Amino acid sequence: MKQPGPDHPISIAPHGKRVRVLLGGAIVAETDAALRLEENRYPPVFYIPRADVAMDLLDPSPKRTRCPYKGDTVYFTVTAHGIEARDAAWSYEAPFEAVAQIAGYVAFERGKVDAIEELS
């Protein structure tokens with residue numbers, strides 16, 4: 001486990017705007033309670049509470065990875081209106097203490113869903 005710091009900063013804050021995730025014309029997730037995670041030089045990622053995700057459209061994937069800063073990652077295949085996006089969503093079931101805020105949240109990969117919209 002590595003700690004975020006000056007050489008690898010991670011910040012998590014409420015986003016403050018509505019976020020909507022779309023696949024195949026279906027709303028996969030929509031929330032006013034998204035967290036925005038910024039990590040080092042990576043693009044920001046929105047983490048959405050599971051209560052605001054259509055979890056019936058997500059199937060657990062066998063893919064697993066480990067982030068040295070966040071913990072063990074589990075992935076989901078998202079299927080909506082006949083479109084399947086493999087490993088398009090992920091979650092940290094037991095994130096490390098430094099990023100504990102993202103427990104119970106799901107993130108989506110921009111290139112694998114149709115859109116991640118920021119609404120006013």
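Reader: How many bridges join β5 and strand β9 (residues 105-108)?

Author: The model is predicted, so local features need pLDDT of at least 70 and side-chain atom pairs count only at pLDDT 80 or more, while totals for chains, interfaces and linings use all residues. Residues are numbered from 1 along each chain as its sequence is written, and side-chain values use heavy atoms, with hydrogens and water left out. Strands are DSSP runs (E, at least two residues), numbered from the N terminus, and two of them pair if DSSP finds at least two bridges between them. β5 and β9 meet this in the antiparallel sense, and the number of bridges is three.

Reader: Which residue of β9 is the bridge partner of Tyr47?

Author: Tyr47 belongs to strand β5 (residues 45-49). Its bridge partner in β9 is Ala107.

Reader: Which residue in the turn between β4 and β5 has a positive phi?

Author: Strand β4 (residues 35-39) pairs with β5 in the antiparallel sense over three bridges, and Arg36 stands opposite Phe46. The two strands form a hairpin with five residues between them. The turn residue with a positive phi, of about 45°, is Asn40.

Reader: Which strands stand at the edges of the seven-stranded sheet?

Author: The open sheet is antiparallel and has the order β1-β4-β5-β9-β8-β7-β6. Each edge strand has a single partner, so one side of each is left without a neighbour in the sheet. These strands are β1 (10-14) and β6 (58-67).

Reader: Which residue in β8 stands opposite Val78?

Author: Strand β7 (residues 71-80) and strand β8 (residues 83-91) run antiparallel and are joined by six bridges. Opposite Val78 stands Ala85.

Reader: Which residue in β3 stands opposite Val21?

Author: Three strands form an open antiparallel sheet in the order β3-β2-β10, in which β3 (26-31) and β10 (115-119) each pair on one side only. Strand β2 (residues 18-23) pairs with β3 over five bridges. The residue opposite Val21 is Ala29.

How values were computed. Helix = DSSP H or I, 4+ residues; strand = E, 2+ residues; numbered from the N terminus. Buried < 20%, exposed > 50% of the residue type's maximum accessible area, 1.4 Å probe, protein only.
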